[in-house]
Amino acid sequence: MFFHVHAHLDVFIDGKATVVPAGIGIGGDPNARVGTQNGQTVAGLVGGSCDKPCISPLHTHDESGVLHVENDKDRQINLGQLFTEWGVRFTTDCVGGYCAPDKPHTAYVNGQPFSGDASTIVLKNLEEIAIVIGTPPQTIPSAFPTS
């Protein structure tokens with residue numbers, strides 16, 4: 001059996017959207033690459049396999065913010081694990097170099113504020129997650145994008 005989840009992440013800094021990059025969790029092998037297809041940045045495997053692990057069960061293919069969780073069984077993967085793959089600090093006080101009290105952050109799941117440590121948010125299928133650093137945008141996304 002194969003377990004596959006697609007969640008979506010938006011990151012806003014002072015109301016402006018920030019790109020979640022292609023290729024998070026993909027690398028370590030010459031068959032893994034990030035390139036351009038139809039004007040979009042995409043990441044994946046050339047030839048379909050790696051000599052050693054080169055793609056994490058948690059990864060991004062493009063800059064759409066869609067997070068892919070692909071496992072051999074149902075395992076809980078959380079948002080903190082994504083930020084670890086990304087190489088971006090994610091604590092209760094900081095996201096990257098943005099830290100409270102100057103730039104506090106708030107997490108939202110399906111448009112609702114998340115209380116507690118946002119790194120513990122479990123990635124679930126078709127779930128929308130927003131991390132808002134500093135001033136929020138006019139609208140907090142509340143649903144997985146359909147296009």
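In which strand does Leu-67 lie? Leu-67 belongs to strand E6, which spans residues 66-71, where helices (H or I, at least four residues) and strands (E, at least two) are DSSP runs numbered from the N terminus. The model is predicted, so that local features need pLDDT of at least 70 and side-chain atom pairs count only at pLDDT 80 or more, while totals for chains, interfaces and linings use all residues. Residues are numbered from 1 along each chain as its sequence is written, and side-chain values use heavy atoms, with hydrogens and water left out.

The protein contains one helix and eleven strands, and from the N terminus on its elements run β-β-β-β-β-β-α-β-β-β-β-β. Of its 147 residues, 39% are buried, meaning under 20% relative accessible area with a 1.4 Å probe and protein chains only.

Leu-67 is buried, its relative accessible area being 0%. Apart from neighbours within four places in sequence, Leu-67 is in contact with residues including Val-5, Leu-9, His-59, Leu-82 and Leu-123, contact being heavy atoms within 4.5 Å.

Strand E11 (residues 128-133) is largely enclosed by the rest of the structure, because six of its six residues are buried. In a regular strand the side chains alternate between the two faces of the sheet. In E11, Glu-128, Ala-130 and Val-132 point one way and Ile-129, Ile-131 and Ile-133 the other way, and all are buried.

Strands pair if DSSP finds at least two bridges between them. E11 pairs with strand E1 (residues 3-13) in the parallel sense over six bridges, with Ile-13 opposite Ile-133. E11 also pairs with strand E9 (residues 105-109), in the antiparallel sense over five bridges, and there Val-109 stands opposite Ile-129.

Technical notes:
Buried < 20%, exposed > 50% of the residue type's maximum accessible area, 1.4 Å probe, protein only.
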